[in-house]
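Visitor: I'd like to learn how to read a protein model. Can you take me through one, feature by feature?

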Amino acid sequence: MEEEIDIVVQAITIASDPSQTSLHQQAMAYLDSIERSASESWRLALPLFTEITPGGARKYSDQVRFFALRVLNEYLDNRFAPLDSEAFQIIQQSILSYIQSEYVYGSAEANATYIRNKFSHTLTLFFLCTYVGQWQSFFTDLFALIRPATSSDVTFNRHVSLLFFHLIVEISGEVADQMIKAARMHNPERLARDGRVRDAVRERDAVRINEAVLTIVAEATEKMSMLRNQGSNSPPDRQLADAEEVVDWGIRTFASYVGWIDIGLTVTPVTVPLLFSLLSDPFLPIRLATSGALLKIVTKGLKEPGDKLQLIKVLSLGQVIEALEAKTRAQQRERGEDTDEGEESYRESLGRVLNALGLELTKLEECPLEEVRTEANNLLQQILPIILRFMSDEYDDTCSTVFLLLHTILSAYKRFRKVSTAPIDADKRDFLASLLRVILEKMKWDVEADPSDVDDDDNDEFERLRKELRIFMDSVLAIDQDLVTDAVRQFALTTIETYKNGVEIKWNEAELGIYLVYIFGEINKTGGKGRAAFCLAPAIPKDVPRDARKSIDYGEYPLTIHGELLFALVQSGMSAYPHQTVALQFFETISRYSDFFKVRKECVVPTLEAMIDTRGIHHQNPTFRRRVYYLFHRFIKESKNDIPLEFVPNISQSIRDLLAIEVLIPEPDEVEVDFLTDAVKSSSFDAQLYLFETLGILISLLFKNPPNQKGLLLSFVKPLMDDLSSALQGSASLNFDKLASEGSRSEIVPVVRLHHLIMALGSIAKGFPDYPSPLPDDYILPPVDLFAEIAQAILVCLENTNTLKVIRDATRFAFARILAIAGPHVTHYIPPLMGNLLIHFDPSELVDFMNFIGLLIFRLQDDMFNVLDELVGPLTTHISFTLSQPISGSDEQRMHVEIKKAYIALLTSVMSAKLQGVFISPRNNASFDSLMETMQILAEDTSDPPNQRAIFSLLSKCILIWAQPNSALPAPNGNSRHNPLNDVGIPGFERYVYERLVPIAFGVPSLPNLNLKDGQVTMILHEIANFLQAVSKIRGSETENYLLNVYFPSQNWPQDAALDMTTKMRELDPKGFRKYFTDFVRSTRSGS
């Protein structure tokens, strides 16, 4: 064995030295094999850990001994059967000898505390394996070492005492700690073993363990007091520290087993005074450990509610915590600005004990015994003021310790309100009023905070705290709404009026005052919607014309509380508060409640002035400005009908200086994808786009004066189009294929500028209203000729840069907006647009493009016929080619599904808009068979149930339109823009239906890879049933004759089944036939 031990020691030495590269991995592998074979190698590990030299020192290094403990732990852990007798005796004697030499007479591994900790775990594992049936005298033997009978010293051995404490803490963790158990994989053998150990300890040694712990603690406490009371003779620091360590670990040990041994042992006339004395000990760790022990005691599960109530009364924790809370709060005030994190952690621990005490009392309030409920409620009422004092603590971690208790109390109050119409009693209302005052105070930012620092973790913590406080406020709101609205109104109005009167207020108070106005709409649950939320005007009868509604002067009606708050806010001038957080909260608030400005129109102009000048979009801080860009856009968009038209040109001109497009290229070390992609994703430019859209909204308001509107629009658009031309020329010499990956920062500038300019032009168009369908007779068109010029210019840019995805994306965005407002006046640009896009389309772009065309079909209807006529052929060819490509991964598979979905949706849109004539036009007639072939392939594709279902739905539409008998063709539309091809049936289409589509409809349910247990497949069967009924309905008896005389006989259908199918198809309603068909398929599949 000596030779094997030497090899292990050498391997550990090599493994600990990575510089020995040639042998390092080999040594690691060898040591790993030693650990894996711990059932044998423990015999090597034991002497490696325990052997000593003739001089009494440990023979092997700390690294070797630590590895030895790992092997022993591997041997003992997850072992639930007793050890064999020889192994038990060897290990037991070695452990006792080691404790005797190292703990009783030695330094207890003073130079390697990690070995001391590891050994206590090893001893715990050995205890778990042997205590029940092999080492029943474990604690007797250990107690003999704590105070040996031969020792003349009257005190306990400190080293063995601490080992004992660590051991009990680890045993408690192993057998009773639910968090540790939950973290482990479930093992019934371990659970059973742990249960046996718990029962054995309770039966044999619980009394002696508890007595030993308390006796050691009491002795060490007495020694502590003696050393501290030596007066002018300062106590030896080492002795005092040793005594404090023993008391600290002793109380931790006591806390560890409180939850799983008899409460009669842990709560006694001896322990309670001891714990309360230690709860105010000068040594912080002892106080923290004691509060943890009291927490365990108060939360211990007891069967009888009366017993729990008696325990709480014996402890009198409410009075103790009240005194300690007052003491620690006074100490807080004395410290002033000096933070003592240790003392604050003590207040946190007291808060947690109070929280636990309160939760236990709330549980007792649900007890069926009235006397228990009454007494528990009285005790809970006594601690409510203490809860509020913890809640009001300036440190959020301390404050949050009582959150769960507050939630529970408020939930109980809410339940009472639901079952009772009586008002809550005065004491509860006083508590809620006090709680609201605390909540409002806690909602303030710290005056030293900088909310604009997005990287400050403290800011994130405060935002989370404020959300939690909002939940409390909402709970109080559900109990007594008037209490909350009055408190919020008073605080907000007082703050606003104070500032308006020229009295200086702190920024955090000003911010909270405005924030409360911001959230008042959520708080005031009984407030109306729209104007009614802000003005007490009578309801307008429904028969009042729309124009008459607009002329109503709401200024003569009184404001609601919320309206009053907003009016005071606008009039206060708080938009000019020098702290940007306050100013930003002002803009957030007024932009949120645009309906207020409909009832107090005199507030519109002052608000716009604040937004436009250096308080808002011209603020010196760029981050502030970018946020206000959005808020300004939101305000203009929602209040546009209330803006005096004479102000529109000036407002538009006021933002001109902010529309200069700046290209920001990231530094090389900031690039995430590539220079080009990252450069176009500029947060600064994204915010600027809101200004361009706002400009469009403002100019659109001048629709009643087309010349002025066009002139103002041109004054903004022409410089952009000139810049567009310059940027295009600047990019003419670039190699676009290599630009993204190899282009320098300076080379991509013109391309990024091109992208930004296209997006800006599109955003201006986005501000105009959509082209109406149908077009009213009195509709005044925007300057569509100018937008056509913009479309033409963007198209020219695309033709020269269509290899760049960022330009294609920007072009699609701009065209979507221009087409939305100009409608048929610019649809002739779609075919060349598609021609340029299709050349280099990514699959994702193809999906977006088809969705875009589908939206245009919905909006423009018949005006899209000529466009679709040119579009359908090339698009179908491109999609067929794309779908025919082999799939090499899950991403491609997903994209194929998306393409099919978008393609089917586009075809469905064409059919729904009655534009199906494009499929049979002279231009596309030759490709009609190819189109139907593609639809057949999709109908038989069982790998994609949602799209398979959609294609059968589309085929049903085809039947209803193209398979009609000639006499049943739809009447001409009568619309001059309606193409007559849309009203033409397809002669002989019924033959195609019978010969191709009907066989597919009956063939799909019999496909072997169709999973009938899949709910999506059921939906497919329903859609197939709809399709078959559509054929039967349109073609009548012809369909029945074909099925009975041609198709079913060719498939060898039994005559009864064939007749039943055709009869049900004809007679049942759609829902009934879907059920019949689905049941039929299931029965035939199960019987085959």
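Visitor: Let's start with a pair of helices. Is the crossing of H25 and H27 left-handed or right-handed?

Guide: Keep in mind that this is a predicted model. The crossing of H25 and H27 is left-handed. H25 covers residues 507-523 and H27 covers residues 561-572; their axes come within 10 Å and cross at roughly 145°.

Visitor: Which residues make the contact between H25 and H27?

Guide: From H25 you have Ile-514, Val-517, Phe-520 and Gly-521, and from H27 Ile-561, His-562, Leu-565, Leu-566 and Leu-569. Sort these contact residues by type and you get seven nonpolar, two polar and no charged.

Visitor: How do I read the length of a helix, say H11?

Guide: Compare its end-to-end reach with what 1.5 Å a residue would give. H11, residues 206-228, has 23 residues and spans 33 Å from first C-alpha to last, close to the expected 33 Å. Its buried residues include Ala-206, Ile-209, Val-213, Ile-216, Val-217 and Leu-227.

Visitor: Why does Ser-1032 count as buried?

Guide: Buried means under 20% relative accessible area. Ser-1032 has 13%, so this residue is buried. Ser-1032 sits in helix H47, residues 1015-1035. Beyond its neighbours within four places in sequence, Ser-1032 touches Thr-1039, Met-1065 and Arg-1066.

Visitor: And how many disulfides does a search of the whole structure find?

Guide: You'd look for two cysteine sulfur atoms within 2.5 Å. Here the search finds zero disulfides. As for burial, Cys-367 is buried at 5% relative accessible area, and Cys-958 is buried at 1%.

Key
Residues numbered from 1 in each chain as written. Predicted model: local features only at pLDDT ≥ 70, side-chain atom pairs only at ≥ 80, totals over all residues. Heavy atoms only, no water. Buried < 20%, exposed > 50% of the residue type's maximum accessible area, 1.4 Å probe, protein only. Axes fitted to C-alpha atoms, helices over the stretch in contact; angles between N-to-C directions. Helix = DSSP H or I, 4+ residues; strand = E, 2+ residues; numbered from the N terminus. Left-handed = near helix turned anticlockwise from the far one by under 90°. Contact = heavy atoms within 4.5 Å. Nonpolar A, V, L, I, M, F, W, Y, C, P; charged D, E, K, R; others polar. Expected span 1.5 Å × (residues − 1).
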